[in-house]
Structure formats: structure tokens, C-alpha cells
Amino acid sequence: MCLVTTLLQASLAVTPRPAAAQNLSPTAHALQQCTSHSSSQICLQTIALAHHAGNFSWYVASVNGTGDPHAALIVVHGYPHDARYSLEAGIAAIKAARITTPTLVIAPIFQAQKGAHCQKPGEVSAKPGDARWSCGGWMSGEVSLGSPPGISSFHAMDTLVRQLHQQWPDLHAITVAGFSAGGQFVQHYIGVAALPPGGLNLRYLVASPGSWLYFDAQRPVAVLNNKPAADSQCGPAGRYPARCQITMTLPDATVCPNYNSGKYGVARWPLAKSRAARIRYQQADISYMVGAQDSGTGPGTASKRLDKTCAATLQGSYRLQRAQNYLAWEQARLPSLHPETLSVVPGCAHDVGCVLPGFAARHPLF
């Protein structure tokens, strides 16, 4: 069933720079399909998905030598499908974390439907037979397009994890990271991911998503003097909640009827599925991160692409605030076996090439 080529384990030397000064190029190396005799430092691997749903590909690089890797970092791209740039950010993160043992860096490619305008120039193009998803559907687990019936993007990630474990039986840790739309993907994936193969530990990094999946109907609200407060009343965006406190409340569903469905909540999930996902989420090892400057409409915030539906704005005004609000909700409503933390990365706005290496320089990746 698999059309997997043998992966090159090639050393890739990357000299890290301070996180805020990253200038990663998505076209820095020539790309080729991975083969056992390939000399490329970054190559492409492809597998046939189940149920004839098409082929699924990912970029791959081996950092710090050619020995058998014991750990891997998967970086899921954002809305512009900038998988190559995400791979480079992952490589820089490994260096920033001062990891010196052989480590895989993987960047899956959720190919867009033909004619879509969400494909970053310079990225690998979809080929006949590739599985494709709508521009926004892949991030919340929708099935691929076309006939026969497609496969969920979450199942595609399950396939990738299994494949890595089969190719490198010595792998004992995989960190699944996602930035922006990729952060939405990872945060949704945590509760529904297939159980990892025996001996393999999965850890998750959720970075700068535009919206979050909540597991109940309550939402965070900033309160000052026992009254809901506007952002301006609380204080500077970078210090939120500053003078305010974050409390939980039930929003008025007549004003925003879909705030707890779709990619924002589990209201329309089967009860057994939502309960199981909630438990899995509580048991998972998760870290959250966001750029300190990913707030407001300033340069580098990608504010024009920020979800501004009522369901999203109930979660907060900007990505930094939405991340802080979600952590407050989680601490109040979803106690975890591994209490989550939110790392606010200084000097970064909405850029995976800044946020991920900046996070890695301060926290263990594995």
C-alpha cells in the first residue's frame, strides 16, 4: 500500500541567529525525492494514504549527523502552506535548543485544491494523485477532496507518525508543533490523534493559532470592578489582562449562534467523541506559545488574516489575548495531568521563523 522511498539521513549544518533576526529562505536548497543515494540535505518523502485517498508528502531533514535519530520534530505549516519555511524554522529551533544528537525535522504538506489561492509561491506543487484539501478545511480535520471519499487530515498525520516509527524503530519521542493555522490543526488533533505505537512518546506545541477549540460552552471574559471590560480598560495589549481579571461565562447564543460549533467548539460532536477527546487532551503533554508582539494591527501581526467572526472574537481580540484567555479557561475548566504553560516569546510577532526558535532557546523540545 505504501509508496515510500528510502529517506536520506544527511547532516544539515545550520548556524542559528537570534530568534528575532531569523531570515529563513524557503528556496535555500534544491529539492529532490528522497532516495538511498540522494545527496540533497533536504528532500521529499511520499506515502500512499489508506482507502486510495491519494499521496501525502512531507519535507524531511536530518540534523546533527547521520546516526539513528531518537527524536523528531514535526512542524505543521500555516494557511499559506509554507511548509518549506516551516521546515527551516524547525531546523533553527533544533539548533537554538542546543540539541546535538541526530534529530529528524519533518514538515508535512497539506496540498490545496486545484486553483486555490492559498499556496505560497516556491512551495512544491501538487501532482496528479496527491491528496488535496480545501484551503481552510485541513486545519480542522476535514476530509480530502475528490472521489473516492477522502481521508481526514488528522488520519494523514496519524499515517506520518506511524511511518516515522516504522522507518526509525529507535525513535522514542516526537514533538508535533504547529504555527498559526498549523497551530489550529495541532490543537484540534491532540484530542483525536491515534494512540502512538508502543515505546513512542508524543508531545505537542501549539503556536499562535487564530482560534482555539473549546471543550465546553463557557468562554473567558475580562472583568474590571465586577463588570465586563473593554481591552482599553485593562491596559496595554502586551500586558493583558493587566488590571482586569479573566472569568468564565456563557455567551449569548442568540447573538452568536455558532460560537461553540465547527472549529470553535464541540457542541455538534457526538457525546462519546467529545468526552473521549476531552480526556485525551487532559492527558496529553502540551505547551503553548505565541509572539509577544502578536497583538494589535502592527507590522508582522498578519492582522488582516486573523479570524474576526463572532465565534473567534469571543475568544479574544488578537492571537496573544486568545492564547492567554484559552490558558485561563483551561486552568478553570479543564484541569490537566500535565499542566500547560504559555510561553510569550519576546521580540516576535506572527512569524514561525521567530517564534519557534525563540521558544526552543528557552524550553526543552524533547
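View A. S153 belongs to helix 2; helices (H or I, at least four residues) and strands (E, at least two) are DSSP runs, numbered from the N terminus. This is a predicted model, in which local features need pLDDT of at least 70, side-chain atom pairs count only at pLDDT 80 or more, and totals for chains, interfaces and linings use all residues. Residues are numbered from 1 along each chain as its sequence is written, and side-chain values use heavy atoms, with hydrogens and water left out. Is S153 buried or exposed? With a relative accessible area of 0%, S153 is buried; buried means under 20% relative accessible area, exposed over 50%, and partly exposed in between (1.4 Å probe, protein chains only). Leaving aside neighbours within four places in sequence, S153 is in contact with F110, W133, W138, G141, E142 and F185, where contact means heavy atoms within 4.5 Å.

View B. You will find V143 in the loop between strand 5 and helix 2. V143 is partly exposed, at a relative accessible area of 48%. Not counting residues up to four places away in sequence, V143 touches W133, G150, I151 and S152. R132 and V143 are 11 residues apart in sequence, and their C-alpha atoms are 8.9 Å apart in space.

View C. A nonpolar core is a set of buried Ala, Val, Leu, Ile, Met, Phe, Trp, Tyr and Cys residues joined through side-chain atoms within 4.5 Å. The largest one here has 56 residues, and I74, I174, F185 and Y204 have the most contacts inside it. Helix 2 supplies the largest share of this core, 6 residues. Beyond its neighbours within four places in sequence, F185 is in contact with V76, F110, W138, M139, S153, F154 and M157. Another core, of 33 residues, lies apart from this one and includes V63, V75, V352 and F359.

View D. How many of the 6 residues of strand 4 (residues 71-76) are buried? The count is 6 of 6, so strand 4 is largely enclosed by the rest of the structure. In a regular strand the side chains alternate between the two faces of the sheet. Here A71, L73 and V75 point one way, while A72, I74 and V76 point the other way. Two strands pair if DSSP finds at least two bridges between them. Strand 4 runs parallel to strand 5, with 4 bridges joining them, and A72 stands opposite L104 in strand 5. From strand 4 the chain crosses through helix 1 (residues 83-96) to strand 5, a β-α-β crossover that is right-handed; that is, with the strands pointing away from the viewer, the path from the first strand over the helix to the second runs clockwise. Strand 4 also pairs with strand 6 (residues 173-179) in the parallel sense, over 6 bridges. There, A71 stands opposite A173.

View E. A disulfide is a pair of cysteine sulfur atoms within 2.5 Å, and a search of the whole structure finds 4 of them. One joins C118 to C135, S to S 2.1 Å, and both cysteines are buried. This link is left-handed, with -85° about the S-S bond. Another joins C234 to C244, also given as S to S 2.1 Å, and is left-handed with -95° about the S-S bond. C234 sits in helix 4 (residues 231-234) and C244 in the loop between helix 4 and strand 10 (245-249), 10 residues apart. The link of C348 and C354 has S to S 2.0 Å and is left-handed, at -80°.

View F. A salt bridge is a side-chain nitrogen of Lys or Arg within 4 Å of a carboxyl oxygen of Asp or Glu; a search of the whole structure finds 5. D294 and R319 meet at 3.1 Å, N to O. D294 lies in the loop between strand 11 and helix 6 (310-313) and R319 in helix 7 (residues 319-333), so the pair ties together parts 25 residues apart in sequence. D294 counts as buried at 1% relative accessibility, and R319 counts as buried at 4%. R203 and D285 meet at 4.0 Å, N to O. R203 is in strand 7 (residues 201-207) and D285 in the loop between helix 5 (271-283) and strand 11 (286-291), 82 residues apart. D130 pairs with K127, the closest N and O atoms being 3.7 Å apart; D130 counts as buried at 12% relative accessibility, whereas K127 counts as partly exposed at 37%.
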